[in-house]
Amino acid sequence: MLKKISKGYSKVADILEVINKNITIAFLVVLILIVFFQVACRVTTGKSFVQIEEISIVMAAWLGFFALAYSAKRGVHVRIDVFSNMLPKKAQKILTLVVNIATLAASVYLVIYGWQLAMRKMNVPLMVLPFPSGVQYLAFPVGMAFTSLFLIDHTLKAIVALTEKEEA
């Protein structure tokens, strides 16, 4: 039963991964283009656009949190496994589950805290752009929400791995 739930959720997580990856790529491409434009303007005319500098900062925040979620889904984040590799297989699975649950709990906490922070910043305007600084801070809870959804997938897989019988 749990294995079916895990497989179904993994399919949803895979769809979310594609969405997340495309958003990340779009942010990266747009950020590269506008920064290139800004540098080209400075070099050719000696002038720059203040709006581009501010939008670059906002986009970098969004890019960072979406890239974090993508790395969590792919499992390419930094992990020190020297200690866990010395443990027996069953203990490794238990440790993986404990780490996944702790990371998921921290991620959910960051979604809640990030949302509260973003809402407090909605009354603070950005210096140049015509929207509140809360838009920049929304990257925090949105990116961590994606991360949390991907960590749920990893946690379900860890539970299934722990409950399956060892093959000889």
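Author: Contact means heavy atoms within 4.5 Å. This is a predicted model, where local features need pLDDT of at least 70, side-chain atom pairs count only at pLDDT 80 or more, and totals for chains, interfaces and linings use all residues. Residues are numbered from 1 along each chain as its sequence is written, and side-chain values use heavy atoms, with hydrogens and water left out.

Reader: Among contacts between residues at least 6 apart in sequence, what share joins residues at least 24 apart?

Author: Take the contacts in the protein chain between residues at least 6 apart in sequence. Those that join residues at least 24 apart make up 72%.

Reader: Which pattern does the protein chain follow along the sequence?

Author: Helices (H or I, at least four residues) and strands (E, at least two) are DSSP runs, numbered from the N terminus. The chain has six helices and zero strands. Read in order, the pattern is α-α-α-α-α-α.

Reader: How many Å does helix H1 reach from its first C-alpha to its last?

Author: Helix H1 covers residues 2-45, which is 44 residues. The expected span is 1.5 Å times one less than the number of residues.

Reader: Which residue just after H1 takes a positive phi?

Author: Look just after H1. The phi there is about 80 degrees, and the residue is Gly46.

Reader: What percentage of the 168 residues is buried?

Author: Buried means under 20% relative accessible area, exposed over 50%, partly exposed in between (1.4 Å probe, protein chains only). In the protein chain, buried residues make up 32%.
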